[in-house]
Amino acid sequence: MIFFLKKLYGNAISVFLFILYVYLILSFAISYDFDITDLSIQAYVSIVIGALLTSCTPYIVKNTVKCDYKIIICSVVLGIFIGISTVPVGLTKFFEVQRLVISIIYFSIIVFYVINFLITPFERHKGSYSPLKASVILWGLLTIVWLSYFYAFYPGILNNDSYYQFAQAHALAPLGSHHPIFHTALIWLNIQISSNIAVYFGITIIIASSLVCYILYKFMKWGMPRIYIIVIILFYALYPINGLYLMTLWKDIPYSISLLWFSLVIYKIYRSQSEYLLSINNIITLMIVTLLVLNLRSNGIFVGIGTFIVLIILSSKYKLRLFIISMCIFGLHFSTHFYIKKKYHVLDTNFVEALAIPLQQVAGVYNGPRNIKNESVDTYFNVLLPSNNWKHYCPINVDFIKFNRHFNYQYLEEGGKFKFFKNWYRLWNEYPWEYIRAYFKQTSPLWLINRYRHEINQSCRNKTDEVRLRVGYINTVLETGDRWLYGLDYFKVKKDADLAYKKYQYVFLYPTNLTVPLTKDQYIEKVTKIKEGIYQHDIKNNILKPYYTYALQYVFDNASIFANGGIVTLVFLFVLSASIAKRQVIICVPLLINLLTLFISAPAPDFRYIFSVLFSLPIMLFINKIPNYREDIQ
């Protein structure tokens, strides 16, 4: 009886899809005047997907389908997300709107099948190989691949943020909380060990490869089939941005590694029904990895606190133990943080750094056709930045506003948060839709898959040479030649020593009123020594660098495929939907909170921010296929 119903159900869906498919082809034919040569790529993709769905649905329904209301709801939501984030320009024609609806139906059905696949437990593989030996071999191969990037970009890559943090570690700039003190301390520790910054990158590669292969070792012990292990290791080894970012001095990279480790520990706690915490060694592991997440990026505090709250609520046992452990972790973090800030005069992050979305919303209003009705609000924002400078608005990048030379930082700081948000809220009351549009444009690199169709590209195109890469959600990190000098005044001593020293004095005196530690001669001597230490480690005639640079430039040029924040968000939503369907959503909470913090305060359209989600996805994608058993979960 059940077989008959499934067969009938599958055939009914096939008939429905066939009717939609015929209509889709006719609408394309009419829209393109029956000229097949003019069809767009999206049209070809829609036709192929429609054919596959129409022909394969009866077989899929018969063998794998699991109709659960949670799966159906998640499928519809993700189908709408995919349809909206990939929609072409201008849904003005009748057929275009209808094709969008048909596409959403197709996408929802595909998502339905994918979620069913992701929650279907695999049969435990009982191979003749040793999981330990296999994981050691995989570790060796992965490390060798990543070390090739180590050689190609030796001794390492820095961008503007990296330069300033590098200067802090050398006491050439005051410590600030904009860059996590813990990460700056790691750079400082490298300097004490060796003048070669490559030591830092070498250790990072070893830790990252060891963590990935340790997780694969656990997966193999839990019986995961080889095909999934191969897919995971191939992504980590062959995805070029992994190797590039591991050689870039950003706090985001160790944070991404720590977030993966933290997610694994939370998974173990959940799957063992908190019995994982009965071991002192496991408690110490939890404390260490949580402190790493809290201290390696500013939004880590939200990830840590939010995850523990959800974990305590959902845990069936040992709630008190979890609560005590969390209090110890956060108490240690906040007390240590407070002590270090006082002892080393650590500067607070500038208030403007948290205003990316609010500033973009205000700029969106000033760039619209309307005039500000409230004079006090208009006066406030014109003092903050003259009205003609708000026209420099780039919908995906707040840097054109907050780094504008006319931006009045002092007025913003003196007025404080309350005054800014009071005027921001009053403007919201007048122009709510402009605020909403500005928000979705600012966060579009996180959710828009078909980003190049968006009008934001045109509005930013002529404002910077980097906009092509910025829209591609990747920073330019492949500087050549003067790689270590680019953008950092502290190291430009040979070009203009007086100007460099004045910059050094300004950086120390303006925000801190501290005594400048070095005289001009001491400053020049120290910077010269740093430069010599860096360049003596540079590899002359590096045979790999030209090839890797060419390959990575291709990746940058095709960022909509290889570095697409919308695709990363979509894959994560697949994982989240599978976790919801399997009632173990806790394993996605760290990544979910991390992603939500980006949507709440997207600082810049750089791929490195969402890389913290991407780095965990290959492992998280198949974690819901692990059968429900508890042995060896420790």
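Me: What links Asp252, Arg297, Asp606 and Arg608?

Reply: Asp252, Arg297, Asp606 and Arg608 are joined in a network of salt bridges. The model is predicted, so local features need pLDDT of at least 70 and side-chain atom pairs count only at pLDDT 80 or more, while totals for chains, interfaces and linings use all residues. Residues are numbered from 1 along each chain as its sequence is written, and side-chain values use heavy atoms, with hydrogens and water left out.

Me: Why is the contact between arginine 608 and aspartate 252 called a salt bridge?

Reply: A salt bridge requires a side-chain nitrogen of Lys or Arg within 4 Å of a carboxyl oxygen of Asp or Glu. In the pair of arginine 608 and aspartate 252, the N to O distance is 2.9 Å, so the pair meets the rule. The whole structure holds 7 salt bridges.

Me: Where do arginine 608 and aspartate 252 lie?

Reply: Arginine 608 is in helix α29 (residues 607-614) and aspartate 252 in helix α11 (residues 252-271). The two residues are 356 residues apart, and the pair links distant parts of the chain. A helix here is a DSSP run of H or I with at least four residues, a strand is a run of E with at least two, and both are numbered from the N terminus.

Me: Are arginine 608 and aspartate 252 buried or exposed?

Reply: Buried means under 20% relative accessible area, exposed means over 50%, and partly exposed lies in between (1.4 Å probe, protein chains only). Arginine 608 has 2%, so it counts as buried. Aspartate 252 has 0%, so it is buried as well.

Me: How do you know that lysine 317 and glutamate 275 form a salt bridge?

Reply: Their side chains meet at 3.1 Å, N to O, so the distance is within the limit for a salt bridge. Lysine 317 lies in the loop between α13 (300-314) and α14 (319-343), and glutamate 275 in the loop between α11 and α12 (280-296), so the pair ties together parts 42 residues apart in sequence. Lysine 317 is partly exposed because its relative accessibility is 31%. Glutamate 275, at 26%, is also partly exposed.

Me: What separates glutamate 434 and arginine 437 in helix α19?

Reply: About one helical turn, because glutamate 434 and arginine 437 are 3 residues apart in helix α19 (residues 432-442). Their side chains meet in a salt bridge of 3.4 Å, N to O. Glutamate 434 counts as buried, since its value is 10%, whereas arginine 437, at 45%, counts as partly exposed.

Me: Which residues make the nonpolar surface patch?

Reply: Ile305, Ile309, Ile313, Leu314 and Phe334 make a patch of about 470 Å². A patch takes residues with over 30% relative accessible area and no salt bridge, joining like charges within 9 Å and nonpolar side chains (Val, Leu, Ile, Met, Phe, Trp, Tyr) within 5 Å. Helix α13 gives the most, with 4 residues. Leucine 314 lies in helix α13, and its relative accessible area of 46% makes it partly exposed.

Me: Is threonine 307 buried or exposed?

Reply: Threonine 307 sits in helix α13 and is buried, because its relative accessibility is 0%. Leaving aside neighbours within four places in sequence, threonine 307 is in contact (heavy atoms within 4.5 Å) with Phe262, Ile266, Ile586, Val589, Pro590 and Ile593.

Me: What makes the rings of phenylalanine 235 and tyrosine 236 an edge-to-face pair?

Reply: Rings of Phe, Tyr and Trp (its six-membered ring) pair if their centres lie within 6.5 Å; planes under 30 degrees apart are stacked, over 60 edge-to-face, and the rest tilted. For phenylalanine 235 and tyrosine 236, the centres are 5.7 Å apart and the planes at 80°, so the pair is edge-to-face. Phenylalanine 235 is partly exposed at 25%, and tyrosine 236 is buried at 0%.

Me: How many aromatic pairs are there by this rule?

Reply: The count comes to 33 aromatic pairs. Among them is the pair of phenylalanine 219 and tryptophan 222, with 6.0 Å centre to centre and 45° between the planes. Phenylalanine 219 and tryptophan 222 are both buried.

Me: How many helices and strands does the chain have?

Reply: The chain has 30 helices and 0 strands. Of its 634 residues, 52% are buried.

Conventions: Accessible areas come from the Shrake-Rupley method with a 1.4 Å probe; for residues, only the protein chains shown count as cover.
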